[in-house]
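Reader: I am new to this structure and would like to understand how it is put together. May I put some questions about it to you?

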Amino acid sequence: MRPDIPPLAEVRQITEKKRDAWWTVLLVDPVATPLVRWTAIHTRATPNQLTWGAFLVGLGSAACFAQGDWRWLLLGALLYHVSFIFDCMDGKLARLTGTGSVFGAWLDFVFDRIRVLVCAVALMGGQYERTGDVLYIWLALAVTSLDALRYINALETFKIRHGMREQIKARMSAAREAHNEAELAFMEDLLRENPEADVEHDRAVAAKAARGTTTEAAHGTTTEAARGTTTEAGAEATAEAVTVTAPETSDEPTVVDLQREFRRRFPWWTRCRSFLTRHRVRAHLISGIEFQMGVFIIGPVLDSVVAGTVVSGVLLLVFELAIIYKLLLSTRDFTRTLNSFESTA
């Protein structure tokens, strides 16, 4: 028994992400966080052991799906949700006890992808065996393809976004050396830390509201990658239209706004995003997590595997296209911003 584990309220602060999928926030964290605290206090379980547990329960879910009957589908859906709770617990335990590892991140990611593949084949194979409808074979292919598309797009989007930030930081670093300018911050980070800030009405207020978090926002990268969360976080923070706001005083940061053009076209989005952020819900409402839950939980529970898969797949594609569109706007304004640096040099 470990007496050094803090109370539950503090455990929530340590283990729960500032932004997460709405499914996780509403249906997983209320169960997973107390379980993680209990596990840390009363057992010697490691994050990797929980990852293995999530994987094995996921295989049990696939075995149930393969039976085809609705009662087995219900049990399979329940086991899939339990598997996902364990999958969330491994990262929380790693953050709480400081026992995360690079290999654990790899294991978590690979097991997640295998679980989706095996469950998709089992679910659709069981329905094909029960009905003889070849449509289920195509749905199995669609589920695995969409899951792969989601994570490939997330990784590439994160890489491009990170590259744009690094180039802007390099230009601003050179400007600071030449003109002794203030530190650099990104408006996206400031709004993430301060969702109450209204950037459209007063950009200076947004920068001032975020003072004290600037250094972390300006220089931080996605440290959650150690437990396999980089892809999800990276995909949401994609598009960033670029505008440089000079500091009012030498103590304030130079703010680079990387979503200004997108917000100009969709002015309602800032308030919607701020509302979600205040409730720890990320703006990417249908990500890989919600897609999996629609296919492997909602569809089987309602005995509507085809409808659940099709609706989940369409919604996932809509949000992925929105990410790509935001990235397109970002790259255009990124080019204009670099050109503006050259013109003012």
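Reader: In the crossing where helix 5 passes helix 13, what is the handedness?

Author: The model is a predicted one. In it, the contact on the side of helix 5 is made by Arg113, Arg115, Val116, Cys119, Ala120, Leu123 and Met124, and on the side of helix 13 by Gln292, Val295, Phe296 and Pro300. The crossing of helix 5 with helix 13 is left-handed.

Reader: At roughly what angle do the axes of helix 5 and helix 13 cross?

Author: Two packed helices are described by the angle between their axes and the distance between the axes. Here helix 5 covers residues 102–131 and helix 13 covers residues 288–301. Their axes come within 11 Å, and they cross at roughly 35°.

Reader: How many residues of the contact between helix 5 and helix 13 are nonpolar?

Author: The contact of helix 5 with helix 13 includes two charged residues and one polar residue. The nonpolar residues in this contact number eight.

Reader: Which residues have the most contacts inside the largest nonpolar core?

Author: The largest nonpolar core has 41 residues. Elements that give two or more residues to this core include helix 2 (22–42), helix 3 (47–65), helix 5, helix 6 (135–179), helix 13 and helix 14 (305–344). The residues with the most contacts inside the core are Leu123, Met124, Val143 and Phe296.

Reader: Which helix gives the most to this core?

Author: Helix 4 spans residues 70–97 and is one of the elements that give two or more residues to the core. With nine residues, the element that gives the most is helix 4.

Reader: Are Arg150 and Glu320, whose side chains meet in a salt bridge, buried or exposed?

Author: The salt bridge of Arg150 with Glu320 has an N to O distance of 2.9 Å. Arg150 lies in helix 6 and Glu320 in helix 14, so the pair ties together parts that are 170 residues apart in sequence. A residue counts as buried under 20% relative accessible area. Arg150 has 1% and Glu320 has 5%, so Arg150 is buried and Glu320 is likewise buried.

Reader: In the salt bridge of Glu261 with Arg264, which residue is exposed?

Author: The side chains of Glu261 and Arg264 meet at 4.0 Å, N to O. Both residues lie in helix 11 (residues 260–265), three residues apart, about one turn of the helix. Glu261 is buried, with a relative accessible area of 9%. At 57%, the exposed residue is Arg264.

Reader: What is the N to O distance in the salt bridge of Arg71 with Asp69?

Author: Arg71 is exposed, at 65% relative accessibility. Asp69 is partly exposed, with a relative accessible area of 31%. Their side chains meet in a salt bridge with an N to O distance of 3.1 Å.

Reader: How many salt bridges are found in the whole structure?

Author: Some salt bridges form a network, which links Arg12, Glu16, Asp29, Lys92 and Arg280. A search of the whole structure gives a total of 15.

Reader: What is the phi of Arg280?

Author: Most residues other than glycine have a negative phi. Arg280 is found in the loop between helix 12 (268–278) and helix 13. Its phi is positive, near 65°.

Reader: What is the phi of Asp303?

Author: Asp303 is found in the loop between helix 13 and helix 14. Asp303 is partly exposed, with a relative accessible area of 41%. Although Asp303 is not a glycine, its phi is positive, at about 55°.

Reader: How far apart in space are Gln167 and Leu338, C-alpha to C-alpha?

Author: Gln167 lies in helix 6 and is partly exposed at 41% relative accessibility. Not counting residues up to four places away in sequence, Gln167 touches Phe334 and Leu338. Gln167 and Leu338 are 171 residues apart in sequence, and their C-alpha distance is 8.6 Å.

Methods: Residues are numbered from 1 along each chain as its sequence is written. This is a predicted model: local features need pLDDT of at least 70, side-chain atom pairs count only at pLDDT 80 or more; totals for chains, interfaces and linings use all residues. Side-chain values use heavy atoms; hydrogens and water are left out. Axes are lines fitted to C-alpha atoms, for helices over the stretch in contact, and angles run from 0 to 180 degrees between N-to-C directions. Helices (H or I, at least four residues) and strands (E, at least two) are DSSP runs, numbered from the N terminus. A crossing is left-handed if the near helix is turned anticlockwise from the far one by less than a right angle, and right-handed if clockwise. Contact means heavy atoms within 4.5 Å. Ala, Val, Leu, Ile, Met, Phe, Trp, Tyr, Cys and Pro count as nonpolar, Asp, Glu, Lys and Arg as charged, and the others, Gly among them, as polar. A nonpolar core is a set of buried Ala, Val, Leu, Ile, Met, Phe, Trp, Tyr and Cys residues joined through side-chain atoms within 4.5 Å. Buried means under 20% relative accessible area, exposed over 50%, partly exposed in between (1.4 Å probe, protein chains only).
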